[in-house]
Amino acid sequence: MKVCLVEDDLTLGRSLQAVLQDGGHEALWVRRVADARFWFDEQRPDAMLLDLGLPDGDGLDLLRHVRRHEAQMPVIVITARDGIEDRLQGLDSGADDYLVKPFVGAELLARLRAVARRAGLGGEADAGQWTARDLVLDEKRRRVTRAGAPVALSKTEFELLATLLKFTDRVLTRRELEVRALPGSDGHALDVHMANLRKKIGEGYIRTVRGVGYAVEP
Amino acid sequence: MNGPQAGRNDVAPTRSLFKRTLAVFIGAALAVWCALMVNEVYYVKVVQARNGQAWNRVWAEHVLLQFRQGAGAAGLAELERLRAEEWRQMGYEPPTILLQVLRDGALIHEFASPDIGRRRPPDPAQQASDSHWLYVELALPEQRLRVRRWQEMPGDWHFGLEGLTYYSRPFFLSLPVLALTAWLVLRLGFRPLRRVGQQIAARTPANLKPLSPSPYVELAPVVDAVNALLARLREHQDGQRDFLLNAAHGLKTPLAVIQANADTLASDDAARREAARQRLADGVRQAGHMVHQVLSLARSEADPQTLERREVDLVDLLRDRIVLAADLAQRRGIEVELLAPQDCMLALHRETMGSLIDNLLSNAVKYSPPGSRVVVELRADDDAVRLAVTDQGPGIPAALRTKVFERFYRPPDQDVPGSGLGLTIVERAAAQHAAEVTLGDGFDGRGLRAEVRLPRAARG
């Protein structure tokens, strides 16, 4: 994958470049907003790693620029600012995920893989397929199997499961699930659909975090 | 941040205390002078006119008396001369008069002051007082005599140029005296204040010694207030220095871990390499955590006045923060649950409230044994919102429950790594929302229950 890395610090930039290359990616490292904008316009990378504190401008402006031209391109924001407001601003401006310095290289690659896969990138054989242990959801063919046996789900249950399987790395809040899988429904609808879904796929896949949301055990 | 110049006058001062004091002095003198002038006018116009008329009548009676005793023109002239002499002896100019004596309506004697030509003589046909002349007429019917006497209205000169110079002279003569007095008063009066100012100007962040006490009753409160401020600044500075030292110290341990393990990474033994890598990662994580906590504390120590509060759904914020803590909880086999209403809108500073929640949650998750529960509970009343985090960990002994809020304090025999700032951040963040934090026992007397009582902000 061709990843555009925007980081002004020399040591961190070099290290991240090495991490990306070790992870099998092609890293295009720039240190300024202006250069990042140029390379984005010229080369259209597959994904972007963006540090927000840059010497010649605000990383958030660049992010908005990227989003105007590429709605789907995965962007991970790297920030020294660990404040809630910065994180929310980053996500609101269109970042898919964020990393707070300091972070481990493996974490960066895992996050990159996750956002790329959600964006349908990577071109692997299992593209569009999401799994949790023996549960397989095929997004293209709109089919769910458990240990090879098909499971019949309603449209909403399918969307719910697809959303959960795409974010196996974290807990999804009730609100996030409603926004992504049940747009325009009230709070009780989620509980009903969730109960039905669990009945159909069986216990042990979906974990409840009481009062907060749900997570799928990978 | 404002520079050290902040607060200094951007423009040179334009008002002058000297001018102001002088103006007040002159104003007061002018007011007194005007009052005296009013009194003078009254005296001249009313009292002296009354006295003048009395004199006029008395002298007319004198003249009649002389006539009755058979005095001639020479005697009457002598009488007038004596009268004028009497005025002169007292140091006054004698008033100008015109005297006419008539018998059977025919003028038999007339006397006029020699200076009567200086002013407009009275009109003998107009037999009444006017603004220039006091008039009196007396009759002695048995001798068929009639005396008419005009005497000048006293004090006319008071209202002319002569009078103006006479009355304004003292006022103008006093002006330089007033100016000098004003200058002296200010010069002497402000000298101690200037000295205090010089002392304050000599204070720097490195020299916050108290000012020497002022012997002046008026200045002592100012000096005391400045000294109190200096004391607060010193205390704050000491606190900051301690904090900096502690924070730097807190970073040294993880840095030592990192350094000690960095070289082992070059070892030939794969198992040792892996162990060193693991410890190095731990060191980095600890250092990162310390930095994060220090930043968090700095944020929560900001002046509450400068923090912008917004209506935020506290339940939403709690969910968001629990999601972030859920990863660690899941790894440690701890179940986190939230008992809260659908939503709870509250005027909050999201950043510091987030730190508060994060620290309560991470404490609960870090210190709880695997397989235990952490319950986050939110209850909203009309006047307050209570946020409680309860765990099944070792708890905090009652004796230490105030001590743990101190910066960098860590209970003895503590193996779980931490910055010692968590509860300090919680307390400061709570204080910014006018909230109180209380620590109590968790479920069944085990573990810890940390409760934050957030009063609903005064609306409007």
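**View 1. Where chain B meets chain A.** Here 18 residues of chain B are in contact with 15 residues of chain A, in what is a predicted model. On the chain B side, the elements that put in two or more residues are α5 (270-300), α6 (314-331), β6 (335-339) and α7 (350-367). The top contributor to that side is α6(B), with five residues. Sort the chain B residues that touch chain A by type and you get nine nonpolar, four polar and five charged.

View 2. Setting aside residues up to four places away in sequence, B:Ile322 touches A:Val209 and A:Val212 from chain A, plus B:Val336, B:Leu338, B:Leu361 and B:Val376 from chain B.

**View 3. A four-stranded open sheet in chain B.** Read across the sheet and the strand order is β2-β1-β4-β3, with antiparallel pairing. The edges are taken by β2 (106-112) and β3 (133-140) of chain B; each has a single partner strand, so one side of each has no neighbour in the sheet. On average, neighbouring strands here are turned by 15 degrees against each other, ignoring direction.

**View 4. Zooming in on β1 and β4 of chain B.** Strands β1 (residues 97-103) and β4 (residues 145-152) run antiparallel and are joined by seven bridges. Look for B:Gln100, whose bridge partner in β4(B) is B:Arg148.

Methods
Residues numbered from 1 in each chain as written. Chains lettered and ligands numbered in written order. Predicted model: local features only at pLDDT ≥ 70, side-chain atom pairs only at ≥ 80, totals over all residues. Contact = placed C-beta atoms within 7 Å. Nonpolar A, V, L, I, M, F, W, Y, C, P; charged D, E, K, R; others polar. Pairing = 2+ DSSP bridges. Axes fitted to C-alpha atoms, helices over the stretch in contact; angles between N-to-C directions.
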